[in-house]
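Here is a protein chain to read from its overall fold down to single side chains. Keep the structure open and follow along.

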Amino acid sequence: MKSLLHSVLIVSMLVMFANTTQAQCNPEPFTSGCIPKLASGFNFLKSYKIDGQGGAKTKVEYSYVFTKGTQYMINVCATGETTDGIVISLYDSNRNKLVSSKINDQYISAIAYPCNTTGIYYIQYTFDESNQFCGGSALGFKR
């Protein structure tokens, strides 16, 4: 009888623990959904997964080599039609912020950058009042 009671207690605790953990982020639908949302004339280069691990991570960052004379577009997709508070910031190789998708407390879903210097650029995603901490992004270019 003690063994049965012990087993029931363990199973109950496992069920309670499973119900209190954060939902897993699945950025795949967001990344694939962002690709066709690149503006007309932009060619797809790369997609990025944005997983803030339920709020445990404050930022997600990637790097990419941009080429002089090329215009780049970076968009973000999250739950619904909104960005869910995910902010895109682009930094140059010296970590100087060049552009952000948060303008006057408004979140825009894409930024464009005309590159004047070839080099490594950093694409940083931060979470500003995000609910899901999960999304996707696409990088495109045109010359």
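Two strands count as paired if DSSP finds at least two bridges between them. Strand β3 (residues 71-77) and strand β10 (residues 134-142) pass that test with seven bridges, and they pair in the antiparallel sense. Within this pairing, Val76 stands opposite Ser137 in β10. Keep in mind that the model is predicted.

Now step back to the whole chain. The protein chain has two helices and ten strands. Along the sequence the pattern is α-α-β-β-β-β-β-β-β-β-β-β. Of the 143 residues in the protein chain, 36% are buried. The accessible surface comes to about 8,800 Å², and carbon and sulfur atoms hold 54% of that surface.

Return to β3 and β10 and look at their sheet. Strands of a sheet pair through backbone hydrogen bonds, either parallel or antiparallel. Here four strands form an open sheet in the order β1-β10-β3-β8, with antiparallel pairing. Strands β1 (43-51) and β8 (110-114) stand at the edges; each has a single partner strand, so one side of each is left without a neighbour in the sheet. From one strand to the next, the twist averages 15°.

Another open sheet is also built from four strands. Its order is β2-β9-β4-β5, and the pairing is antiparallel.

Is Glu61 buried, exposed or partly exposed? Its relative accessible area is 28%, so Glu61 is partly exposed. Leaving out residues up to four places away in sequence, Glu61 touches Arg95, Tyr122, Ile123 and Gln124. The side chains of Glu61 and Arg95 are joined by a polar contact of 2.8 Å. The Glu61 side chain also makes a polar contact with the side chain of Gln124, at 3.0 Å. As for Ile50, it lies eleven residues from Glu61 in sequence, and the C-alpha to C-alpha distance is 8.7 Å.

Finish with the aromatic rings. The count comes to seven aromatic pairs. Take Tyr48 and Tyr62: their ring centres are 4.6 Å apart and their planes are at 40°, so the pair is tilted. Tyr48 sits in strand β1 and Tyr62 in strand β2, so to speak of the chain, the pair links distant parts of it, 14 residues apart. The two rings can be told apart by their cover. Tyr48 is buried, because its relative accessibility is 1%. Tyr62, with a relative accessible area of 27%, is partly exposed. Elsewhere, Tyr64, Phe66, Tyr72, Tyr113 and Tyr121 form one aromatic cluster.

Note on methods: Residues numbered from 1 in each chain as written. Predicted model: local features only at pLDDT ≥ 70, side-chain atom pairs only at ≥ 80, totals over all residues. Heavy atoms only, no water. Buried < 20%, exposed > 50% of the residue type's maximum accessible area, 1.4 Å probe, protein only. Areas by Shrake-Rupley, 256 points an atom, 1.4 Å probe, with all protein chains shown as cover. Contact = heavy atoms within 4.5 Å. Polar contact = N/O pair within 3.5 Å; in protein donor to acceptor, adjacent residues only side chain to side chain. Axes fitted to C-alpha atoms, helices over the stretch in contact; angles between N-to-C directions. Phe/Tyr/Trp six-rings, centres within 6.5 Å; stacked < 30°, edge-to-face > 60°.
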